[in-house]
Every structure is written in structure tokens, then in C-alpha cells.
Amino acid sequence: PCHRVIAADGGLGGYGGGAAGCGVGQEHRRDVETVGAALAYDQASEHFNRGEVEAAAGYLRTAARDPAYRFRAASMLARIARARNRLGEAIEWLERAAEAPAPAVEASHGLLYELGDLLESSGEEARALAVFIELQAAAPGYRDVGERVAALSRRQAGQAGPGKGRP
């Protein structure tokens with residue numbers, strides 16, 4: 001028999017009967033991988049709700065490998081990292097989440113706002129400004145983005161100083 005085994009950790013195991021003779025098409029393989037990501041995401045939610053954050057993070061990392069779950073899983077991993085004051089790691093997870101399709105436009109805006117906020121609080125003001133400008137273009141009037149763009153722009157201009165960075 002030819003079937004994909006889902007491992008106890010929510011990841012995908014090997015093919016029963018050997019992959020070479022299976023004739024498993026790319027589409028079927030993709031469906032099986034998405035099922036594995038869905039199971040991993042469900043397991044992560046259960047562990048997280050029980051306060052088992054480290055176990056949840058492991059399952060979230062598995063789910064984040066699948067584009068269909070990347071946005072949600074990477075967003076949760078970013079929040080876990082931020083809560084642990086691992087700002088660099090949180091930024092990396094938010095950036096990965098931003099590369100994936102969001103489940104809703106509002107979720108995308110919220111994620112970009114969170115990324116910009118985290119970049120600003122980490123001292124990466126130029127990158128924060130870029131994220132907030134992108135968000136402002138996509139959602140004019142979103143929260144306090146206009147004010148943040150203005151403030152960051154003023155600070156960036158002040159850092160350039162007279163004669164610096166200008167022809």
C-alpha cells in the first residue's frame with residue numbers, strides 16, 4: 001500500500017510501501033502536506049490554550065512551513081518571541097508572515113502595523129518607516145499610521161543633518 005504517514009509531532013513521515021512505486025502526484029502530495037500543517041496548527045492551538053507554549057511553538061514551526069498556514073503560525077510565533085523579549089526573532093517571524101497571503105485584509109494591516117511597531121521599538125526606524133509607508137498606502141487612515149510616518153520621517157531627516165545625505 002502507498003500512503004503518507006503523519007508523524008506524532010504533526011509532521012509528515014515517509015510513504016508506506018516506498019515512494020518510488022506510489023505514483024503520488026504533486027497535487028496529492030500538496031494536499032497531504034496541507035493536512036499535516038492543519039494538524040500541526042490544531043495541536044499548537046491546543047498546547048497554547050493549556051499554557052504549554054514551548055510545545056505549541058514546535059507545532060507552529062511545522063505549520064509555518066506550509067504557505068496555507070504560514071501567516072497564522074508565523075504571527076503566533078512572533079507574538080511568543082515578543083512576549084519572551086526576543087525582538088529579533090519576533091521581527092523575523094513577522095516578516096515571514098508578511099510574505100504569506102493573509103486570511104483577511106484587516107489581518108494583513110494588523111500584522112504590518114505590529115511589524116512597524118516592533119521595528120521602531122527595536123531602533124530600526126528606517127525599516128519601520130518603510131513598513132508604515134507601505135501600510136499607509138494600502139490603508140490610508142489606519143490607526144495612527146499617518147502620525148507615525150510623520151514622526152519617523154522627521155527623525156530620519158534629523159539624522160541626516162545639514163549637508164548629510166543631501167547633494
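**Entry 1: Arg 79**

I looked up Arg 79 and found it in helix H3; helices (H or I, at least four residues) and strands (E, at least two) are DSSP runs, numbered from the N terminus. The model is a predicted one, in which local features need pLDDT of at least 70 and side-chain atom pairs count only at pLDDT 80 or more, while totals for chains, interfaces and linings use all residues. Residues are numbered from 1 along each chain as its sequence is written, and side-chain values use heavy atoms, with hydrogens and water left out.

I noted that Arg 79 is partly exposed, because its relative accessible area is 43% (buried means under 20%, exposed over 50%, partly exposed in between, with a 1.4 Å probe and protein chains only). From Arg 79 to Glu 114 I count 35 residues in sequence, and their C-alpha atoms are 9.6 Å apart in space.

**Entry 2: H2 against H3**

I next examined helix H2 (residues 53–64) and helix H3 (residues 67–83), which pack at an angle of about 150° with their axes 8 Å apart. Axes are lines fitted to C-alpha atoms, for helices over the stretch in contact, and angles run from 0 to 180 degrees between N-to-C directions. For contact (heavy atoms within 4.5 Å), H2 uses residues including Val 53, Ala 57 and Leu 60, and H3 uses residues including Tyr 69, Ala 73 and Ile 80. By class, I recorded eleven nonpolar, no polar and two charged residues in the contact of H2 with H3. Here Ala, Val, Leu, Ile, Met, Phe, Trp, Tyr, Cys and Pro count as nonpolar, Asp, Glu, Lys and Arg as charged, and the others, Gly among them, as polar.

**Entry 3: H3 against H4**

I then turned to H3 and helix H4 (residues 87–99), whose angle is about 165° and whose axes are 8 Å apart. H3 and H4 are therefore roughly antiparallel to each other (under 35 degrees counts as roughly parallel, over 145 as roughly antiparallel, 65 to 115 as roughly perpendicular and the rest as oblique). Among the residues that meet are Phe 71 and Ala 78 of H3 and Trp 93 and Leu 94 of H4. I recorded ten nonpolar, one polar and four charged residues in the contact of H3 with H4.

**Entry 4: Glu 125**

I located Glu 125 in helix H6 (residues 125–138). Glu 125 is buried, because its relative accessible area is 16%. Leaving aside residues up to four places away in sequence, I found Glu 125 touching Leu 119, Leu 152, Arg 155, Gln 156 and Gln 159.

**Entry 5: Confidence**

I checked pLDDT (the predictor's confidence in each residue, from 0 to 100): the protein averages 85, and 77% of the residues score at least 70. Over residues 1–22 pLDDT stays under 50. Where pLDDT is low, the predicted coordinates should not be read in detail.
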